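This report covers packing, charge pairs, backbone exceptions and strand pairing. Please keep the sequence and the structure in view while reading.

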Amino acid sequence: MKRLFASLFLALFVTACETPTFSALDEQSPEWRLVFQDEFSGRGRPDPDKWISKEYNRRPNKNGPDGWWDADNVYLNGLGQLVIRTSVIDNRNPDEDSDPYDYASAMVSTEGKFEQAFGRFEVRAKLPRSAGWWSAFWLFSRSVHNVDGSGRDGTEVDIMETFGWTDKVNHALHWDSYEEDHQWSVFASMRPGIRQGWHTFTLEWFPDKYIFYVDGDETWRTSAGGVSQVPLWVKLSGEVDTTDGAANKWWANVPDPATFPDKFIVDWVRVYEHIPPEE
């Protein structure tokens with residue numbers, strides 16, 4: 001009987017520890033007003049009024065498996081969570097290469113549904129555990145492709161990029177397209193234990209600065225490139241890139257098909273607008 005009670009207690013304790021909590025932000029904060037959220041209730045496809053999911057060969061590789069975005073790999077699991085799965089799939093372009101297999105992950109974005117300039121952008125998630133792919137929570141606009149020597153007319157803001165083999169968390173800014181004029185600024189930090197349990201990643205974007213947080217701790221404050229002044233939409237994604245540029249110890253590392261499928265699990269996304277103090 002004692003063993004039964006101990007087992008029940010342990011099960012309840014583990015369940016309680018796994019129960020998603022609310023934002024690190026005080027919901028009564030006079031400084032921020034909630035304007036967009038998704039708690040990911042239900043099963044099946046993400047809410048089409050909030051999200052789109054694109055499908056294409058996101059990371060082609062002539063000398064190895066490609067990394068696709070596939071809408072079947074993003075879904076609601078019925079536990080109040082969005083799942084972005086990465087899996088091994090049959091080679092989808094056998095006329096172009098002779099790979100024994102490819103990889104598929106997925107993305108969702110609020111493109112055409114919701115975008116905002118400035119504010120607080122926040123996600124709570126469980127991160128991948130397998131090497132060879134990365135998860136991301138980011139902001140984007142087509143104006144990022146504009147080239148004028150500044151990020152003010154559009155910047156890709158990577159609130160977090162995390163990897164399934166290291167405790168590193170990346171924050172990054174990209175502007176002036178992705179070709180020869182491409183400019184960027186990156187900050188990375190090691191967060192021991194980040195691949196275990198739930199973690200919150202936050203950006204506070206003001207007209208003159210970006211402030212990044214991990215689990216409520218400020219990690220990077222910058223205005224690199226000139227802060228974007230144009231609205232951006234929200235993106236969540238997983239990516240596999242088997243080329244030498246990504247499959248190395250400085251980025252995603254080499255994927256092992258035996259370790260997949262793996263998952264990036266999102267508890268919620270919330271976006272706030274800033275309320276200036278009364279003068």
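## Packing around Leu 236

Apart from neighbours within four places in sequence, Leu 236 is in contact (heavy atoms within 4.5 Å) with Trp 51, Leu 82, Ile 84, Ala 106, Met 107, Val 108, Val 123, Ala 136, Phe 137, Phe 264, Val 266 and Val 269. This is a predicted model, in which local features need pLDDT of at least 70 and side-chain atom pairs count only at pLDDT 80 or more, while totals for chains, interfaces and linings use all residues. Residues are numbered from 1 along each chain as its sequence is written, and side-chain values use heavy atoms, with hydrogens and water left out.

Leu 236 and Val 269 have the most contacts inside the largest nonpolar core, which has 43 residues. A nonpolar core is a set of buried Ala, Val, Leu, Ile, Met, Phe, Trp, Tyr and Cys residues joined through side-chain atoms within 4.5 Å. Buried means under 20% relative accessible area, exposed over 50%, and partly exposed in between (1.4 Å probe, protein chains only). Strand E18 (residues 262–274) supplies the largest share of this core, four residues. A separate second core of seven residues includes Ala 136, Trp 138, Phe 140 and Trp 233. In soluble globular proteins, nonpolar side chains tend to be buried together.

Strands, marked E, are DSSP runs of at least two residues; helices (H or I) need at least four, and numbering starts from the N terminus.

## Salt bridges

The structure holds 16 salt bridges, each a side-chain nitrogen of Lys or Arg within 4 Å of a carboxyl oxygen of Asp or Glu. In one of them, Asp 72 pairs with Arg 45, with the closest N and O atoms 2.8 Å apart. Asp 72 lies in the loop between strands E4 (67–69) and E5 (74–77), and Arg 45 in the loop between strands E2 (43–44) and E3 (56–59), so this pair ties together parts that are 27 residues apart in sequence. Asp 72 is partly exposed, at 48% relative accessibility.

Another salt bridge links Arg 124 to Asp 267, with the closest N and O atoms 2.9 Å apart. Arg 124 belongs to strand E9 (residues 119–126) and Asp 267 to strand E18, so the parts tied together are 143 residues apart in sequence. Arg 124 and Asp 267 are both buried. Salt bridges with shared partners also join Arg 58, Arg 59, Glu 239 and Asp 241 into one network.

## Backbone exceptions

Most residues other than glycine have a negative phi, and most peptide bonds are trans. The peptide bond joining Phe 260 and Pro 261 is cis, with omega about 10°. Pro 261 sits in the loop between strand E17 (233–240) and E18.

Ser 177, which is not a glycine, has a positive phi of about 70°. Ser 177 is placed in the loop between E12 and E13 and is buried, with a relative accessible area of 8%. Asp 215 also has a positive phi, of about 50°. Asp 215 is found in the loop between strands E15 (209–214) and E16 (217–222), and is partly exposed at 34% relative accessibility.

## Strand E9 and its partners

Seven of the eight residues of E9 are buried, so this strand is largely enclosed by the rest of the structure. Strands pair if DSSP finds at least two bridges between them. E9 and E14 run antiparallel and are joined by seven bridges; Val 123 has Phe 201 in E14 as its bridge partner.

E9 and E18 also run antiparallel, joined by seven bridges. Here the bridge partner of Arg 120 is Tyr 272 in E18.
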